[in-house]
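Subject: Structure for your files, with notes

Hello,

Here is the structure for you to look through. My notes follow below it.

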Amino acid sequence: MTNATLYQIHGRTAVIILNQPPVNSLGLALRTHLLADLKRAEADESVDAIVLASSGKLFCGGADISEFSSDDALAEPNLPQVCDALEASPKLVVAAVNGLALGGGCELTLACDYRIALPAAKLGLPEVNLGILPGAGGTQRLPRIGGVQLALEMITSGRPLGAAAMLDAGVIDNLYQEGGDFIQAAVDFAQELVAQHKPKRSCFEMSVDTSNVSSEIFNEFRAAIARRNRGYYAPERCIQAVEAACELPLAEGLKREHQLFMECLNTPQARAQQHLFFAERGVAKIPGIDPKTTATREIRKVAVIGSGTMGGGIAMNFINVGIPTQILDLNGEALERGLGVIRKNYEYTLKKGKLSQAQLDERMALLSGTTDYADIADVDLVIEAVFEKMEIKKQVFKTLDATCKPGAILATNTSTLDVDEIAAVTSRPQDVLGLHFFSPANVMRLLEIVRANKTAPDALLTTVQLAQRIKKVPVVSGVCWGFIGNRATDSYLRESMSLILEGASPAQIDKVHTEFGMPMGLPSMVDLAGIDVGILTREDRKAFTTDLDPSHFAILHRLYAKQRYGQKTGRGLYIYEGRDKQEDPEVLELAAEAAKEFGVTRRSPEQISDQEILERTIYPIINEGARILEEGIALRASDIDIVLAYGFGFPIFRGGPMQYADEIGLERVLTALNKYRDTLDKGELWFKPAPLLERLVKEGKTFAQYQA
């Protein structure tokens, strides 16, 4: 068993090395050993300085948040006690920050007297992303050491800063760039400080310097981040904690920090954000496929079919991580245009300072274009990203089957179509699967990996691991119309359009959705995506169901007929001047005409409550999620949450639809569904509860407790 810490003596310096791979998470064992080693060094009269270092590639990834649901998180010594002990040590303590120091790891460094770092090191306090705030002194020590503005920005955003920036802020004292043994360099730095009689620097003796900041800094900062943090609980408490640092002595500030930490910990937002944190780490686990015993295929070269926006975005993912990629388009002009767009995207990133010219040149050197299928015969993975029509995709896959080498993985980027049907036109269905990237493909983190009936386990595992390599979050889905995401959200569109037909205004629906936490309401999203695109998608949907009701999308068909496609044409469900929009009375007139044609009873907007809009548009997503789960299309309820949160804008602070349902209670969802089932004309068809939902309510269980 690995020792949680290593203890060494270098001359007159004791070195305590964190040794809990892979990330030195600060669980009870590591905290206990660290404190014991600290006491050991303090008791040794031959030691006059202490260095805190790491045996791994990073310094410390922070607290072990799996302890949050157990007694170990508060078991003594807890992390605040360890940090206080470091600060109170009678001997000078230096943190040797060799890599990432996040959360509790960053708080450890702040409790030390001095900090030396490698250039690649980064310090951060990402707790806000888990719905909490730094609870071991970070909100009190960082503003004392680095200033109010830095503390506010780092703590409320959760984004880490590099060692150079932290040096400029006065948090890092020595940036070591000479190479060689870093721990020895830290020891030398500690002894130099001792020789120079440098004093210990305790935050207990410091106050926050507010002389160079506005007296309104906290209110100004609140206003600046209000839109970004709408619906979240923790950011405001982070601000309050930094305010306390400015107003209170450290001991009292730490008490206030702990109080605010506990307030955050017991909120739905914290439960939701931590649920997604763990869900993201569980998506790659595929029942029945052991990564230790399943050999994966080597992906050394990739091809993308189609040079449009999606194809270009997909290609960028691979050249970003050093994988040579070809884009194939039979239209030479379109191909050149697509390659040019990719270069412009990188040039824009270069101008923003997030990419160097050398990196741009390196990536473009990995990219090539062709109009000949013969040129991609040797690729290990090919991803088709052509127009969303089954016949076109089938033709592409017939050609790929005849062209590509044996063992190459053939993937389709379809968002809705039957991957089994596509695979059936090849002689190697075991090599075929879906890789559904979300637009913009080079930005969105989600990747739905569609496992067809005959997809080989090694092909599936290869793409799951490749997705992680290109920094995507892979969620495995079974085959059905729309897979997990589009299928689950189909009712969101349907009910929103139905409500407009019944008398609700697009603005009223947008308001309910944005107040719930969506980045934009469904009507605005339809206009942004394009009504023409939505109509074409509905046409494809007809092949998969007989349940389509023409009344639900009557308003969209009327707008389509008038060539009102949304933002791109200046008129859709709204009237646009640039991105600014205003309501259009004609839309309400068209809705009234359609309602009359289909015999839909109209109500005034005042008669349609916000609660009804919420229940009719959000709860069916949960209901469909229950069906997706019961049918085995999704492996876990948390996988559905990842897809909806990362791909469709379901608010992170609600944790996805299944977590949200667990939070508010499944019985509440079931009761509302049954209400609309009984009162709406076609309620039996659209609001009939999923059998799994009914069963879980009867058994008093949650979606999180469900196991197939």
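A patch, as used here, is made of residues with over 30% relative accessible area and no salt bridge, with like charges joined within 9 Å and nonpolar side chains (Val, Leu, Ile, Met, Phe, Trp, Tyr) joined within 5 Å. This is a predicted model, in which local features need pLDDT of at least 70 and side-chain atom pairs count only at pLDDT 80 or more, while totals for chains, interfaces and linings use all residues. Residues are numbered from 1 along each chain as its sequence is written, and side-chain values use heavy atoms, with hydrogens and water left out.

Surface patches

Lys and Arg count as positive and Asp and Glu as negative, with His and the chain ends not counted. The place of a charge is NZ of Lys, CZ of Arg, CG of Asp or CD of Glu. On these terms Arg159, Arg228, Lys352 and Lys354 form a positive surface patch. Arg228 sits in the loop between helix H8 (217-225) and helix H9 (234-247); helices (H or I, at least four residues) and strands (E, at least two) are DSSP runs, numbered from the N terminus. The relative accessible area of Arg228 is 44%, so this residue is partly exposed. Buried means under 20% relative accessible area, exposed means over 50%, and partly exposed is in between (1.4 Å probe, protein chains only).

There is also a nonpolar surface patch of about 350 Å², made by Phe387, Ile392, Leu536 and Tyr560. Accessible areas come from the Shrake-Rupley method with a 1.4 Å probe, and for residues only the protein chains shown count as cover. Tyr560 belongs to helix H22 (residues 554-561) and is partly exposed at 31% relative accessibility. The buried residues of H22 are Ala554, Ile555, Leu556 and Leu559.

Salt bridges

A salt bridge is a side-chain nitrogen of Lys or Arg within 4 Å of a carboxyl oxygen of Asp or Glu. By this rule the model has 43 salt bridges. One of them joins the side chains of Asp113 and Lys200, at 2.6 Å from N to O. This pair links distant parts of the chain, 87 residues apart: Asp113 is in the loop between helix H3 (104-111) and strand E6 (114-117), and Lys200 is in the loop between helix H7 (182-195) and H8. Asp113 is buried, with a relative accessibility of 1%, whereas Lys200 is partly exposed at 27%.

Lys511 and Glu515 form a salt bridge through their side chains at 3.6 Å, N to O. Both residues lie in helix H19 (residues 506-516), 4 residues apart, or about one turn of the helix. Lys511 is partly exposed, at 36% relative accessible area, and Glu515 is exposed, at 54%.

The side chains of Arg603 and Glu612 meet in a salt bridge at 2.9 Å, N to O. Arg603 is partly exposed, with 24% relative accessible area, while Glu612 is buried at 10%. Both belong to a network of salt bridges that links Arg494, Glu495, Glu502, Arg603, Glu612 and Arg616.

A buried glutamine

Gln140 is in helix H4 (residues 138-146) and is buried, with a relative accessible area of 0%.

Backbone points to check

A cis peptide bond joins Pro21 and Pro22, with omega about 5°. Pro22 lies in the loop between strand E2 (13-18) and helix H1 (28-43). The peptide bond from Glu76 to Pro77 is also cis, with omega near 0°, and Pro77 is in the loop between strand E3 (49-54) and helix H2 (79-88).

His197 is not a glycine but has a positive phi of about 55°. His197 is in the loop between H7 and H8 and is exposed at 71% relative accessibility. Gln563, which follows H22, has a positive phi near 55°. Gln563 lies in the loop between H22 and strand E18 (574-577) and is exposed, with a relative accessible area of 56%.

Regards
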